[in-house]
Amino acid sequence: MDVVKEDQVLDCSGLLCPMPIVKTSKAIKEMQSGQILKVIATDAGYPPDVEAWSRQTGNPVLDSMAEGGRFIVFLQKS
Amino acid sequence: MSKSDPNAPKRLALISSKGTLDWAYPPFILATAAGAMGWEVGVFFTFYGLTLLKPRLTAAVSPLGNPAMPMKMPFGPDEFQNIDWPMPNLLMANVPGFETVATNLMKQTFKNKGVASVEELRDMAIELDVRLIGCQMTMDVFGFKREDFIPQAEIGGAATFLEYTADADVQLFI
């Protein structure tokens, strides 16, 4: 798989529900269609929540990984 | 009858009926999360929930009659912070200022863990165009005036909220 290159990074480290999702939504709203947002979160609820958010809003999750207590998710603005 | 417009966004209708700090969180968390997902959201603040529309939030929490509430210390090493402090009702009922202490401990613990304050969540809800509806009947009963509440709140009664709820996909009573 090609390496995903983000247009913007959103750091939600240290924030708990619902702030990472609310900030994700705000960031995506200000982006252009097709652009990629990289989100870093430490809330263990974020990976399942962002999947649900993605299904509800139609902005796809391109890639998702966990490393050392951090969750990194790449989203594309639809 | 189903929704009049099949292309309308999903709609969440909440009733917020409790005004303590612990119960102030769920409606605002759900409202902001739903707003972030592009849903329409309306919250009806009734009875004790109505105080959550005041400009200055004074929501407190009491472990009294709340036996499952863990008391946590927001400072010290992790092992200390993770202790659930048992608080007998007799002690709580007799110590003046105990509720203030309990409220401050909860606020500090939440803040340390990265949970937004109720005020921040309410501001976020307003930014996300969440409809905040104050219950007219509760205002009359408790003697509140329109100007006692934030300007973003609208005032309505059961019929106002029910009409909104009739087209909602999710309705929850909190």
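**Figure 1. Helix 1 of chain A against helix 2 of chain A.** In this predicted model, helix 1 of chain A and helix 2 of chain A pack at an angle of about 40°, with their axes 10 Å apart. Angles under 35 degrees count as roughly parallel and 65 to 115 as roughly perpendicular, and the two helices are therefore oblique to each other. The crossing of helix 1 of chain A with helix 2 of chain A is right-handed. From helix 1 of chain A, the residues that meet the partner are A:Pro20, A:Ile21 and A:Thr24. Helix 2 of chain A answers with A:Tyr46, A:Asp49, A:Val50 and A:Trp53. By class, this contact of helix 1 with helix 2 in chain A has five nonpolar residues, one polar and one charged.

**Figure 2. The buried residues of helix 1 of chain A and their cover.** Buried positions in helix 1 of chain A are A:Met19, A:Pro20, A:Ile21, A:Val22, A:Thr24, A:Ser25 and A:Ile28. What lies over them? The cover includes elements of both chains. From chain A come strand 1 (8-12), strand 2 (36-41), helix 2 and strand 4 (70-76). From chain B come helix 1 and helix 5 (118-127).

**Figure 3. The contact between chain A and chain B.** Chain A gives 12 residues to the contact, and chain B gives 11 residues. On the chain A side, helix 1 (19-29) and helix 2 (46-57) each supply at least two residues. Helix 1 of chain A has the largest share of that side, with four residues. Sorted by class, the side of chain A that touches chain B has eight nonpolar residues, four polar and no charged ones.

**Figure 4. Helix 1 of chain A beside helix 1 of chain B.** The axes of these two helices come within 8 Å and cross at roughly 30°. That makes helix 1 of chain A roughly parallel to helix 1 of chain B, because angles under 35 degrees count as roughly parallel. The crossing is left-handed. A:Ile21, A:Val22 and A:Ser25 in helix 1 of chain A meet B:Thr32, B:Ala33 and B:Ala36 in helix 1 of chain B. The contact of these helices has four nonpolar residues, two polar and no charged ones.

**Figure 5. B:Ala33, a residue of helix 1 of chain B.** B:Ala33 lies in helix 1 of chain B. Is B:Ala33 buried or exposed? B:Ala33 has 25 other C-beta atoms within 10 Å, and so it is buried, since 20 or more are enough for that class. Leaving aside neighbours within four places in sequence, B:Ala33 is in contact with A:Pro18 and A:Ile21. The C-alpha atoms of B:Ala33 and B:Tyr164 are separated by 19 Å, and the two residues are 131 places apart along the chain.

**Figure 6. Helix 1 of chain B against helix 5 of chain B.** The axes of helix 1 and helix 5 of chain B come within 9 Å and cross at roughly 35°. Their crossing is left-handed. Helix 1 of chain B brings B:Ala24, B:Tyr25, B:Phe28, B:Ile29, B:Ala31, B:Thr32 and B:Gly35 to this contact. Helix 5 of chain B brings B:Val118, B:Leu121, B:Arg122, B:Met124 and B:Ala125. The contact of helix 1 with helix 5 in chain B has nine nonpolar residues, two polar and one charged.

**Figure 7. The largest nonpolar core.** This core has 52 residues, and those with the most contacts inside it are B:Ala31, B:Ala34, B:Val43 and B:Phe45. Helix 1 (residues 21-36) of chain B supplies the largest share of the core, nine residues. Not counting residues up to four places away in sequence, B:Val43 touches B:Leu14, B:Ser16, B:Pro27, B:Ala31, B:Val130, B:Leu132 and B:Ile133. In soluble globular proteins, nonpolar side chains tend to be buried together.

**Figure 8. B:Thr58, a loop residue of chain B.** B:Thr58 is found in the loop between strand 2 (40-45) and helix 2 (78-81) of chain B. Why does B:Thr58 count as exposed? B:Thr58 has 10 other C-beta atoms within 10 Å, and a residue with 12 or fewer is exposed. The C-alpha atoms of B:Thr58 and B:Leu21 are separated by 8.3 Å, with the residues 37 apart along the chain.

Technical notes. Residues numbered from 1 in each chain as written. Chains lettered and ligands numbered in written order. Predicted model: local features only at pLDDT ≥ 70, side-chain atom pairs only at ≥ 80, totals over all residues. Contact = placed C-beta atoms within 7 Å. Nonpolar A, V, L, I, M, F, W, Y, C, P; charged D, E, K, R; others polar. Core = buried A, V, L, I, M, F, W, Y, C linked by C-beta atoms within 7 Å. Axes fitted to C-alpha atoms, helices over the stretch in contact; angles between N-to-C directions. Parallel < 35°, antiparallel > 145°, perpendicular 65-115°, else oblique. Left-handed = near helix turned anticlockwise from the far one by under 90°.
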